[in-house]
Amino acid sequence: PGLLDLCDSMGFLVMDEAFDEWEGIKNKWWQGHNVYPPKHYGYGEDFPEWHVRDLESMVLRDRNHPSIIIWSIGNEIDYPNDPYVTPLFEEVLGNNDAGKPAAERVYDPRKPDARRLAAIAKELTGIVHRLDSTRPVLSALSFPELSNRTGFADALDIVGYNYREHFYKADHASYPGRVLLGSENSHTSAAWYAVRDNDFISAQFLWTGIDFLGECPDWPVRISRAGMLDLACREKPLFSLRKALWTKEPAARIAVGEGNGEDKGPWNETFLWEGKSSDMKRVSVYTNETEAELFLNGRSLGKKALRDEDGCRLVWEVPYAQGELRCVTPHAHDSLYTPCKAEKLRLVPDRTRCPAERIQAVTLEISLEDAQGRAAKDETVTIQVLGDLKLLGIENGRPDDLTPYSENFRQTLCGHAVAYVRAGTCPGKASVCACTESGLSAEITLELTKP
């Protein structure tokens, strides 16, 4: 409810979703993604007894939120062979099945039949319509090439496709009266152009807006790095790509990855210009302008014209050299600098007054700056509180930082981190102090008010 209150007030549009398992239980990757054998447990065990009450409760709880525009009765319920199967396809893969064993790719009559999904979808859609006739019902399909043939898609008001942009045109021709949208999509420019260039596709949902704990590819990476924002809610290169795709105001932003000749995409890039003289860097410029020129310490590395197939991203291979990396477009520019020693520590709260009711938290932005006020070299920052405050945790957004949230210290990332403190129940003054290993310090005072 708190999230939906925020969406109501901020103008977000919401697809409110109930399930990602029905009668069948999906593979649970407890040893790593697609590492067999999986375990099998989940909501599917409770679905027969609880699905009616749970779906009714969600709709009754949320239906007065104006932010909600769509009800979803399930995400990737039809995922191929996990668990539902069909003899119509001898072998099939889902959108994350590159490492799936051969035996798991083929039809297995011991698994649930996918034709059952149409009957369940019809029941769930009817439950929602009975409680709210004003909003459409959707399910996010991962296997539309089958679900269109079994009647699953016909039970829905809107059919959501997950990572299936290549079916849009053909399926629109086959089902011209159907409302289609991308219910889960990648950040690629091509996935967006499928919406931009086809009037019959109404929207896309990006996976994801913010990095999240879990779905980590390899230890010690602790998170999924799919977000446009990192765990500290700071912009990533994916944010710059989306800004260039979606805005008309001139945009230009530099990001850096390792230049090994393989394009690994924006999700592996940073806004950090640092390295050794032997390093080759892959430098991306995200822009909606017609062209961009890249400079290293004032020396031009060439000008490139933006083509539609570039997807608002121009790429250079650049040997690392300490100093300034700068891009210039006709109406915008951006620079990255090799970070220098920190000369100042800043601690900035999102507010200085907070009710003393042990509910609300204050967000503290931590910044290390050099003598020119730019992001400085990273250091470990320690936080101490004085007064009726509790430090909830510190985050820097670094994918492989395993520092527990219970600790009162963390290293910055690109000179930044964020800390969260929660007020207790005693009104009065409280302080938050921060210090670095090099001896820099900062302190702010909070006023805890009577509720």
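Trp22 is in contact (heavy atoms within 4.5 Å) with Gly44, Phe47, Ile73, Gly74, Ile77, Tyr84, Leu117, Ile120, Ala121, Leu124 and Phe152, leaving aside neighbours within four places in sequence. The model is predicted, with local features needing pLDDT of at least 70, side-chain atom pairs counting only at pLDDT 80 or more, and totals for chains, interfaces and linings using all residues. Residues are numbered from 1 along each chain as its sequence is written, and side-chain values use heavy atoms, without hydrogens or water.

Trp22 also belongs to the largest nonpolar core, which has 64 residues. A nonpolar core is a set of buried Ala, Val, Leu, Ile, Met, Phe, Trp, Tyr and Cys residues joined through side-chain atoms within 4.5 Å. Buried means under 20% relative accessible area, exposed over 50%, and partly exposed in between (1.4 Å probe, protein chains only). Trp22, Leu124, Trp273, Leu294 and Leu325 have the most contacts inside this core. Helix α4 (residues 116-131) gives the core its largest share, seven residues. Helices (H or I, at least four residues) and strands (E, at least two) are DSSP runs, numbered from the N terminus. A second, separate core has 27 residues, including Ala342, Leu345, Val381 and Ala434. In soluble globular proteins, nonpolar side chains tend to be buried together.

Four strands form an open sheet in the order β12-β11-β14-β15, with antiparallel pairing. Two strands pair if DSSP finds at least two bridges between them. β12 (299-305) and β15 (333-337) stand at the edges; each has a single partner strand, so one side of each is left without a neighbour in the sheet. Neighbouring strands of this sheet are turned by 15° against each other on average, direction ignored. Axes here are lines fitted to C-alpha atoms, for helices over the stretch in contact, and angles run from 0 to 180 degrees between N-to-C directions. Strand β11 (residues 291-296) is joined to β12 by five bridges. Glu293 stands opposite Lys303 in β12.

Strand β9 (residues 252-258) is mostly covered, with five of its seven residues buried. β9 pairs with β10 (residues 280-287) in the antiparallel sense over seven bridges. Ala255 has Ser284 in β10 as its bridge partner.

Glu235 lies in the loop between β8 (223-224) and α8 (237-246). Glu235 is partly exposed, at 39% relative accessible area. Beyond neighbours within four places in sequence, Glu235 is in contact with Met228, Leu229, Arg253 and Phe271. The side chains of Glu235 and Arg253 are joined by a polar contact of 3.4 Å. A polar contact is a pair of N or O atoms within 3.5 Å; within protein, one must be able to donate a hydrogen and the other to accept it, and residues adjacent in sequence count only if both atoms are side-chain atoms.
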